[in-house]
Amino acid sequence: MIEFRQVTKRYDSDHTALRQVNFHLDRGELAFLTGHSGAGKSTLLKLLMVMERPSAGEVVVGGQVLNRLPRRQIPYIRRHIGVVFQNHQLLFDRTVFDNVAMPLEVMGASPRDMGRRVRAALDKVGLLSKEKMNPLQLSGGEQQRVGIARAVVNKPPLLLADEPTGNLDPKLSADIMNLFAQFSQVGVTVLIASHDLALINEMGRRTLTLDHGNLIAGGSPLQGGSSGR
Amino acid sequence: MAADPSSRSRKPDPARGAKVSRSPWREQAESYFMHHRKVARDSAGRLWRTPVASLMTWAVMGVALALPVALLLLLTSLQGVSAGWESSARVTAYMDLDASLETTRKLASEIESDGRVAELELVDRDRALAEFRASSGLDDALDYLEENPLPHTLLITPEENARSADGVAALVTFIEGMDSVERVQVDLGWLQRLNAMTELLARAVWALAILLAVAVVLVIGNTVRLSIESRRDEILVAKLVGGTDGFVRRPFLYTGAWFGLGGGVVAWILLQLSLWWLSGPVERLAGLYRSDFSLSGLSIDGALALIIAAMLLGWLGAWVAVKRHLSDIEPGEIAGG
């Protein structure tokens, strides 16, 4: 589903965010991405979202090499990638329903289809009863779950999360992680950037570890272990 | 593409697969137009919710549009005047001083029988002198003259179909060729001057119109730029979830068009008001000149054209703003360190 081939990202001459990173994630795989802050986690995610282009090497998503993707095609790639942010990136000028509906609206889904799929996504994260509320009225954990519902509403084959549990207490964090695990079980590839090591260890999944732009662990599926330790 | 049907269908979705009877193309087109309607309504609603700001923009646009349109209307009215005068051009034939009244009468009936002449008035020299005495105030001076210096005069109004420039010229040549006719005069000089002047004025008005149109585009551009700034988050999210440039642009282009619509309506109202305000004095003035000159307002077609042009200008202004500022908002900065 995702493949990095010798990917290097250099911002300027003295700042190299990623150095010759190689790894491969299969369909339905759930992996963590960890490392100290500034290790290159965000850069890696941005490369997947085509917010940045690699300086060298190739980023492949769903068989498509992103390097050579023309600018006009970027939106169509993003429609197949769900993203969850630490700060949710919800819009407070509209309801929960409308927030979750955005990816569908962008694709030009019919209203009938939209209503059904938004409610399915909200049901999945347990917020079906709050569809008419403004996200501001929700708690931090609920807001995060709205963000997740938005990320999965168009059933993307790839789900990325950047510190999705950053502001949440352990109980809520575990709930969110279980949600991600469920998505991976139905075939969605999930990559979660996090430095919550306790939580990562608890989950016992493959963990990609970055250190100063180098991938020092988790590069091949055998490392890091795929089932609980 | 990253679409993967197998991974999609594995997600539980009870309603999936039902009612796929309609063709996807039609569905696509329908939801496309539905989205246009929604965006159009949304952006109109946004303007409505900030009535003062919107009204200000509409007023600026209205004034900027009303000014050149008013001048164009005035110009059209002036051209109407000159056309009217041209059609009522009169030919004046002065007889030789020694031509008798008898000869003149005979000539007059001869000219009157010509097909190109609609009307003929004979002004004999005594009446001409009396009129001149009355209107010139040179009463005393005229008393010193030993004899009447004025000739008999024929005032000839050409027939409708002979009122073209060529027709009048031919008539003049015909009358000039007759015996005892001293001189034939058609006073179109001032008309030509008026025409030249209106032509110059027209150019000036068009130049002004273009300048003001540019100003309108810039004003709308700036207003839309502010609206882009205030909707930064929304643009970021739309781009993140795969909104195309067209999708992101759409609400702002509609905003521009709505500004244009309001501006066009304000301009029309301003025009109607000033027409109503000016029509009285203009009528009086025209009356003094014995002219049937009147200010013409905008026809329904004209008003519609004004409003459509205003909408296009608003749209164009929005386009300029969107072109300049939308690419600045890229989701690169969104993911934290």
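Predicted model: local features only at pLDDT ≥ 70, side-chain atom pairs only at ≥ 80, totals over all residues.
Biologist: At what angle do the two helices pack, and how far apart are their axes?
Modeller: Helix α3 (residues 96-107) and helix α5 (residues 140-152) of chain A pack at about 30 degrees, and their axes are 7 Å apart. The crossing of α3(A) with α5(A) is right-handed.

Biologist: Nice. Let's move to β8 of chain A: is that strand enclosed or open?
Modeller: Strand β8 (residues 189-193) of chain A is largely enclosed by the rest of the structure, because 5 of its 5 residues are buried.

Biologist: Which residues point which way from β8(A)?
Modeller: A:Thr189, A:Leu191 and A:Ala193 point one way, while A:Val190 and A:Ile192 point the other way.

Biologist: How does β3 of chain A pair with β8(A), parallel or antiparallel?
Modeller: Strand β3 (residues 30-35) of chain A runs parallel to β8(A), and 4 bridges join them. In that pairing, A:Leu30 stands opposite A:Val190.

Biologist: What about β7 of chain A and β8(A), how many bridges there?
Modeller: Strand β7 (residues 158-162) of chain A pairs with β8(A) over 5 bridges, in the parallel sense. Here A:Ala161 stands opposite A:Ile192.

Biologist: How confident is the predictor about chain A?
Modeller: The pLDDT of chain A averages 87, and 96% of the residues score at least 70. Over residues 223-229 of chain A, though, pLDDT stays under 50. For that stretch the model has 13 contacts beyond four places in sequence.

Biologist: Switching to chain B, how many helices and strands does chain B have?
Modeller: Chain B has 11 helices and 4 strands. Of its 337 residues, 25% count as buried. Among the chain B contacts between residues at least 6 apart in sequence, 84% join residues at least 24 apart.

Biologist: What is the strand order in the chain B sheet?
Modeller: The sheet in chain B is an open one of 4 strands in the order β2-β3-β1-β4, with antiparallel pairing. Its edge strands are β2 (117-123) and β4 (181-186), each pairing on one side only. From one strand to the next, the twist averages 20 degrees.

Biologist: Which strands does α4 of chain B touch?
Modeller: Helix α4 (residues 101-112) of chain B packs on the sheet and touches β1, β2 and β3 (153-158) of chain B. The direction of α4 makes about 170 degrees with that of β2(B).

Biologist: And how many bridges are there between β1 and β4 of chain B?
Modeller: Strand β1 (residues 91-95) of chain B pairs with β4(B) in the antiparallel sense over 5 bridges. Within that pairing, B:Ala93 stands opposite B:Val184.

Biologist: One last thing, what is the phi of B:Ser180?
Modeller: B:Ser180 has a positive phi of about 65 degrees, although it is not a glycine. Most residues other than glycine have a negative phi. B:Ser180 lies in the loop between α7 (165-176) and β4 of chain B.

Biologist: And the phi of A:Gln20?
Modeller: A:Gln20 has a positive phi too, of about 40 degrees. A:Gln20 is found in strand β2 (residues 15-25) of chain A, and has 15 other C-beta atoms within 10 Å, so A:Gln20 is partly exposed.

Methods
Residues numbered from 1 in each chain as written. Chains lettered and ligands numbered in written order. Pairing = 2+ DSSP bridges. Axes fitted to C-alpha atoms, helices over the stretch in contact; angles between N-to-C directions. Contact = placed C-beta atoms within 7 Å. Buried ≥ 20, exposed ≤ 12 C-beta atoms within 10 Å, placed from the backbone. pLDDT = per-residue confidence, 0-100. Left-handed = near helix turned anticlockwise from the far one by under 90°.
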